[in-house]
Amino acid sequence: MNIALAGNPNSGKTSMFNVLTGLNQKVGNFPGVTVDKKIGYTQLPDGNKAKVIDLPGTYSLYPKSADEYVAYETLINPSGEDVPDVIVVVADATNLKRNLLFCSQIMDLKKPVILALTMMDIAGKKGLSVDENILSRMLGIPVLNVNPREGKGVRPLKEAIVHAKSGVGVLKQPFVSFPSLQPGFLEQIREITQIDNDYAALHIACASERLSFLTGTQLESIEQAKKEYQFSKAKVQAAEVLDRYATIDQVLQSATRTDGPENKTSVTARLDKILLHKVWGNLILLLVLILLFQSIFWLASYPMDWIDSGFGMLTGWLSGVLPEAWWSDLIINGLIAGIGGVVVFVPQIAILFGLITILEDSGYMARISFLTDRLMRSVGMNGRAAMPLISGLACAIPAVMATRIIENKKERLIAILITPLMSCSARLPVYTILISLVIPKTNILGFLSLQGLVMMGLYLLGFVMALVVSKVLSILLKTSNGSMFLMELPLYRAPRWRNALQTMAEKAMIFVKDAGKVIMVISVVLWALASYGPSKRMAPVEARYEAFRTAQGGELTEDQKIEEAHEKLEQSYAGIMGKAIEPAIEPLGYDWKIGIALITSFAAREAYVGTIATLYSVGDADGEASTLKQKMAQARHRDGSPVYTLAAGSSLLVFYVFAMQCMSTLAIVKRETKSWKWPLIQFAYMSGLAYICALIVYQVLK
């Protein structure tokens with residue numbers, strides 16, 4: 001049995017999905033969180049298991065954006081794998097008139113429908129009361145009061161779903177009479193598509209060019225019928241919506257009552273006068289960003305130190321208890337060094353996701369779209385693009401998918417191409433280790449961490465460059481279509497701390513699992529490449545130091561041990577590869593080890609830290625530097641100068657801000673644009689931008 005959850009954006013669908021399925025899906029207090037349908041399973045009171053499908057939010061059955069078409073096609077397609085047996089329409093009781101438009105359209109599809117009213121507590125505080133029995137009688141479908149945030153009303157909802165199997169909730173008569181169409185038009189569409197519902201046939205005629213389940217022959221026949229009967233989608237849509245609202249007004253007049261002041265709205269309105277002010281609002285947004293990045297350094301410093309020290313102690317202990325063998329070297333200098341270099345950054349990533357979740361849950365994140373609308377419009381987009389860009393702070397992959405909420409095709413393409421310029425969580429380990437190496441640990445004005453300010457500066461640098469690229473693309477990509485920015489502002493709510501903690505734990509586990517798999521493979525491969533090399537290169541080095549051992553009674557001096565480790569590393573397969581690309585990166589201030597790390601970063605950006613950890617562990621003969629930061633601080637060029645200077649470190653930071661080093665993101669861009677053209681353009685412009693900007697930074701600062 002398929003149960004579809006449908007409704008307007010920000011109506012509580014994802015919360016309902018979570019409470020029905022027990023899955024902890026992302027819940028945010030702003031439209032556009034669900035950009036693809038999510039699927040889970042729930043146990044019904046009759047003992048049967050049902051599939052629950054959480055559809056993207058949409059305001060009506062006349063979709064505009066790509067995410068709305070996901071919901072639309074699931075509801076309209078008569079032969080899809082997720083054809084719903086029961087549709088639960090989740091409706092915000094505080095905006096019932098608008099929500100009932102979508103509900104009434106779904107009812108006319110002649111499938112079992114249940115109306116689940118959410119936010120009834122907020123409606124009560126606003127002085128609005130809804131009589132569910134009267135509403136149910138007038139609509140002809142079951143109506144229930146459900147609070148998914150607190151888990152109330154879920155059992156009656158499941159029971160109503162069971163009863164819906166017998167046809168309860170199927171509308172007997174159309175909610176409104178269909179707009180006047182020439183006789184025979186809908187009959188012909190039904191015959192072409194083999195659909196037995198007039199209203200579904202009407203919608204297929206309206207959106208035929210965007211529906212994937214229609215064959216080429218069917219599309220041609222539908223287009224011929226539309227021309228023959230002079231079908232006008234705009235006229236039909238306008239007439240239908242007006243008729244529906246007229247009927248909805250009659251229903252609400254009987255089923256709802258308003259009395260008392262709108263306390264909740266006035267609180268939100270008073271806050272918005274400050275938070276959306278064109279001066280104070282932007283200053284508060286800047287303050288929020290400063291606190292966000294200061295917290296990442298301040299809150300995470302202690303657990304990071306503990307993890308770093310723990311891996312250092314583990315490495316030292318294993319070195320003392322394991323015998324000298326290739327497999328122990330692989331464990332210590334390959335796996336432990338690589339994984340330890342990434343796990344140490346889990347606290348920062350968890351804190352970043354937790355703070356973003358709090359901003360989303362409170363309703364403030366939606367306000368950022370309005371604050372940035374003027375800025376976004378000046379570079380060829382609008383405020384709706386702010387949501388994908390903000391999502392890009394966590395990960396570019398869901399952020400690129402989130403561009404489906406952008407209706408205008410040109411603006412969506414621009415958003416897809418610039419979203420990876422936003423610094424994702426995978427860049428955080430690279431930023432952290434490099435900032436701690438080359439930026440002094442001092443405070444500005446006594447309380448602002450300089451390292452935290454530099455971190456914020458890197459994120460802002462990516463955002464500013466995204467705006468610059470957006471402006472250029474808006475000029476190059478010609479289109480005559482404009483766009484409007486309309487978005488519902490949710491009420492302010494107290495953040496659900498449990499939701500934030502769950503998100504922190506889940507994202508940390510995902511990072512460890514996903515990054516850990518990549519790092520483990522790369523670490524093992526790199527250890528092998530760095531430990532072995534062509535015999536014609538390795539043999540002379542081994543012979544020379546063996547002669548030193550023989551001459552000195554079987555032991556090398558500490559300096560000779562270090563020199564032997566370095567020479568073997570340079571003559572290894574990894575060393576040969578690094579030396580081959582070194583001429584190209586030397587103008588940026590990088591050595592061949594950094595070059596190897598840049599290459600492995602294309603698998604995953606966080607692989608930079610694991611790669612450096614493995615290379616320095618293999619080449620570390622004395623073992624005095626117990627932590628990765630210490631090893632990097634002691635790294636030297638052949639002439640004895642430090643590798644990680646302010647100039648080289650700053651150049652590397654800028655390179656990682658701009659470089660497209662994520663194969664998974666490129667794959668998603670290809671899927672969303674349905675072409676390899678745009679991901680290749682994206683890879684080329686970001687890589688070129690990264691190289692040129694890093695070159696300028698190094699040459700200026702050196």
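## A tour, starting at a salt bridge

Select Arg-367 and Asp-272 to begin: their side chains meet in a salt bridge, 3.0 Å from N to O. (A salt bridge here is a side-chain nitrogen of Lys or Arg within 4 Å of a carboxyl oxygen of Asp or Glu.) Arg-367 sits in helix α15 (residues 364-378) and Asp-272 in helix α11 (residues 263-275), so the pair ties together parts that are 95 residues apart in sequence. Helices (H or I, at least four residues) and strands (E, at least two) are DSSP runs, numbered from the N terminus. Both Arg-367 and Asp-272 are buried. Buried means under 20% relative accessible area, exposed means over 50%, and partly exposed is in between (1.4 Å probe, protein chains only).

Before you click on: this is a predicted model, where local features need pLDDT of at least 70, side-chain atom pairs count only at pLDDT 80 or more, and totals for chains, interfaces and linings use all residues. Residues are numbered from 1 along each chain as its sequence is written, and side-chain values use heavy atoms, with hydrogens and water left out.

**Zoom out**

Show the whole chain for a moment. Of the 702 residues, 54% count as buried. The accessible surface is about 30,700 Å², and 60% of that belongs to carbon and sulfur atoms; areas come from the Shrake-Rupley method with a 1.4 Å probe, and for residues only the protein chains shown count as cover. Among contacts (heavy atoms within 4.5 Å) between residues at least 6 apart in sequence, 74% join residues at least 24 apart.

Side chains of opposite charge can pair when their charged atoms come close. Go to helix α10 (residues 233-255) and pick Arg-244 and Glu-240: being 4 residues apart, they are separated by about one helical turn. Their closest N and O atoms are 2.6 Å apart. Are these two buried or exposed? Arg-244 is buried, with a relative accessible area of 0%, and Glu-240 is buried too, at 1%.

For a contrast, select Lys-152 and Glu-150. Their salt bridge has its closest N and O atoms 3.1 Å apart, and both residues are exposed.

**One face of α7**

Next, color helix α7 (residues 185-193) and show the side chains of Phe-185, Leu-186, Ile-189, Ile-192 and Thr-193, which are buried. Look down the helix axis: the buried residues fall within an arc of 120 degrees, so they line one face of α7. (That arc is taken from the directions from the helix axis to the C-beta atoms.) An α-helix has 3.6 residues a turn, so residues three or four places apart point the same way.

Step just past the end of α7 to Gln-194, where phi is positive, at about 60 degrees, although Gln-194 is not a glycine. Gln-194 lies in the loop between α7 and α8 and is exposed, with a relative accessible area of 65%.

Where is Lys-674? Look in the loop between α29 (663-673) and α30. Lys-674 has a positive phi of about 55 degrees, and it is not a glycine either. At 71% relative accessibility, Lys-674 counts as exposed.

**A greasy spot on the surface**

Carry on into α30 and show the surface. Leu-646, Tyr-691, Ile-692, Ile-696, Val-700 and Leu-701 form a nonpolar patch, with about 570 Å² of accessible area together. Patches are made of residues with over 30% relative accessible area and no salt bridge: like charges are joined within 9 Å, nonpolar side chains (Val, Leu, Ile, Met, Phe, Trp, Tyr) within 5 Å. Which helix gives the most to this patch? Helix α30 (residues 677-701) does, with 5 residues.

Center on Leu-701, which is partly exposed, with a relative accessible area of 43%. Leaving aside residues up to four places away in sequence, Leu-701 touches Leu-646, Ala-647 and Ser-650.

**Last stops**

Select Ser-362 in helix α14 (residues 346-362). Ser-362 is buried, at 13% relative accessibility. A polar atom of the Ser-362 side chain lies 3.3 Å from the backbone nitrogen of Tyr-364.

Finish at Met-509 in helix α21 (residues 497-531). Met-509 is exposed, with a relative accessible area of 57%.

Methods: Polar contact = N/O pair within 3.5 Å; in protein donor to acceptor, adjacent residues only side chain to side chain.
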